Amino acid sequence: MAKYFDVHPENPQRRTISSVADSIRSGALIAYPTDSCFALGCQLGNREALGRIRSIRDLDDRHHFTLVCQNFAQLGQFTHVDNDVFRAIKAATPGPYTFILRATSEVPRQLMHPKKKTVGVRIPDHLVTQALLAELGEPLVSSTLLLPDEEEPMTQGWDIKERLDHEVDAVLDSGDCGTSPTTVIDFSSGEAEIVRRGAGDTTRFE
């Protein structure tokens, strides 16, 4: 049965955030809110939790997971970013964008695109997510909480608790969450390619 954590959207309780971060370090798979929609998240290197995400979402081995980063220091540790691309990403973050970039050797092989050696990264504009990332001290490996055969991602914490009670370990709910997946921009070639139009405005990349 999943633990349910209800936190304030603007002043998340430090003790609660610390408890969730500890559970992630101990191997938990969580559902948590972002500026785009709810996501499933686990610690980097947690293969068992990645398998659970694939099972919940009915994903194959080719699925691109996302590293949700607190800031550019973390993003730069896991990706290769030249100056032009850095400026373009900097202007759009934090925000509801996922950027596909060339991965560094810090990224586990199972998170990379098998041929392109790329990884998706993002810096969310959400106070609760940022508080959790700050407490955790490393990126969360994440995937949009979009269930098989459903067109819209899940956006209500109580609904997630009810439907995934025996499939996730914790639900972090702040009642303040986006309703659309991120916009995905592929910068792996050095030029912006819009892969998916979502919550983020694509004008600047066209």
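## Overall fold

The protein has 206 residues, for which a compact globule would have a radius of gyration near 17 Å; its own value is 16 Å, which agrees. That radius is taken over C-alpha atoms, and the globule rule is 2.2 Å times the number of residues to the power 0.38. This is a predicted model, in which local features need pLDDT of at least 70 and side-chain atom pairs count only at pLDDT 80 or more, while totals for chains, interfaces and linings use all residues. Residues are numbered from 1 along each chain as its sequence is written, and side-chain values use heavy atoms, leaving out hydrogens and water.

Six helices and eleven strands make up the secondary structure. These are DSSP runs, numbered from the N terminus: helices are H or I with at least four residues, strands are E with at least two. Along the principal axes, the C-alpha atoms fill a box of roughly 45 × 35 × 30 Å.

## Burial and contacts

Of the 206 residues, 51% are buried. Buried means under 20% relative accessible area, exposed over 50%, and partly exposed in between (1.4 Å probe, protein chains only). Contact means heavy atoms within 4.5 Å. Among contacts between residues at least 6 apart in sequence, 67% join residues at least 24 apart.

## Helix α5

Helix α5 spans residues 127-136. Its buried residues are Val128, Thr129, Leu132, Leu133, Glu135 and Leu136. Seen down the axis of α5, they fall within an arc of 165°, so they line one face of the helix. The arc is that of the directions from the helix axis to the C-beta atoms.

Glycine 137 follows α5, with a positive phi near 80°.

## Threonine 118

Threonine 118 lies in strand β7 (residues 118-122). Its relative accessible area is 2%, so threonine 118 is buried. Setting aside neighbours within four places in sequence, threonine 118 contacts His64, Ile100, Leu101, Arg102, Ala103, Leu111, Met112, His113 and Ser188.

## Glycine 178

Glycine 178 sits in the loop between β9 and β10 (183-186). It counts as buried, at 15% relative accessibility. Beyond neighbours within four places in sequence, glycine 178 is in contact with Thr34, Asp35, Ser36, Cys37 and Thr155. Histidine 126 is 52 residues away along the chain, yet the C-alpha atoms of glycine 178 and histidine 126 are separated by 9.4 Å.
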